[in-house]
Amino acid sequence: MDNMNLGQPFKVSIKNNCSYYDPNYASLKFNIQGEIELSSPDYGEGQSTTEYVNSVMDFSLNTVLMKYSNENKSYQEILSSISDIESAVSQTYRERRFDVLAFKITSFDLLPEYKARIDQMEAMKAKAQSLSQEEFKSKLDEAYEAALQAANTGNQTTQMNQTNVANPVNPAMSMNYPKFCTNCGTPTTGSNFCPNCGNRLRQV
């Protein structure tokens, strides 16, 4: 560890991307930024200390968010609990012999792609809620019929394929060959010549 300024206060900028499982929107990801000012009898200002402080921050934020996720809190509730998150994170540093002089989360936002996904889901929900009961039932019936038709089409295709495999067609028999030899009357087999007398049945 770099201990050039042992016990002297130092500041570390915080920038973390943390995952969160929302009960309504599934997997989300927050971008969290801020600054923490610390002092410690064990750590002084320096690159190695900064890396350690960031690793503790990452662990602490993810631990708090996992706790909230297990409590089925929505992401909106998380955004209104920033002060509680700051307190929990500060306690984690104290347990590691840091004195937290100041800690402020300045930004706690959803990453743009997750915000866009939520907006899309809300728009779809609003559209569904705007339908009357009759319209909603009609949409469900249409979806059911489409799914049933797709399933039937798939079954028919499968049955046709199975029939073709089980009963392959002799290409020669489909070319208007005579069923019986015109010379001796022996049933034909699809060959160009009679299997009994050798009479030519069809010109090649």
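I started with how helix 1 and helix 3 cross: the crossing is right-handed. The model is predicted, so I read every value as computed from it.

I then looked up the geometry of this pair. Helix 1 covers residues 47-70, and its axis comes within 9 Å of that of helix 3. The two axes cross at roughly 130°. That angle makes helix 1 oblique to helix 3, because angles over 145 degrees would be needed for roughly antiparallel.

Next I listed who makes the contact. Helix 1 contributes Val53, Val56, Met57, Phe59, Ser60, Leu61, Val64 and Tyr68. From helix 3 I noted Asp84, Ile85, Ala88, Val89, Thr92 and Tyr93. By class, the contact residues divide into eleven nonpolar, two polar and one charged.

I found three strands in an open sheet, ordered 1-2-3, with antiparallel pairing. Strand 1 (10-22) and strand 3 (99-110) are the edges, each pairing on one side only. From one strand to the next, the twist averages 25°.

I checked the pairing of strand 1 with strand 2, residues 26-39. They pair in the antiparallel sense over 13 bridges. Which residue of strand 2 is the bridge partner of Tyr21? I found Ser27.

Last, I looked at what packs on the sheet. Helix 3 (residues 82-94) does, touching strand 2 and strand 3. Its direction makes about 140° with that of strand 3. Helix 4 (residues 112-129) also packs on the sheet and touches strand 2 and strand 3. For helix 4 I noted about 140° with the direction of strand 2.

Terms used. Residues are numbered from 1 along each chain as its sequence is written. This is a predicted model: local features need pLDDT of at least 70, side-chain atom pairs count only at pLDDT 80 or more; totals for chains, interfaces and linings use all residues. Side-chain values use heavy atoms; hydrogens and water are left out. Two strands pair if DSSP finds at least two bridges between them. Helices (H or I, at least four residues) and strands (E, at least two) are DSSP runs, numbered from the N terminus. Axes are lines fitted to C-alpha atoms, for helices over the stretch in contact, and angles run from 0 to 180 degrees between N-to-C directions. Contact means heavy atoms within 4.5 Å. Angles under 35 degrees count as roughly parallel, over 145 as roughly antiparallel, 65 to 115 as roughly perpendicular and the rest as oblique. A crossing is left-handed if the near helix is turned anticlockwise from the far one by less than a right angle, and right-handed if clockwise. Ala, Val, Leu, Ile, Met, Phe, Trp, Tyr, Cys and Pro count as nonpolar, Asp, Glu, Lys and Arg as charged, and the others, Gly among them, as polar.
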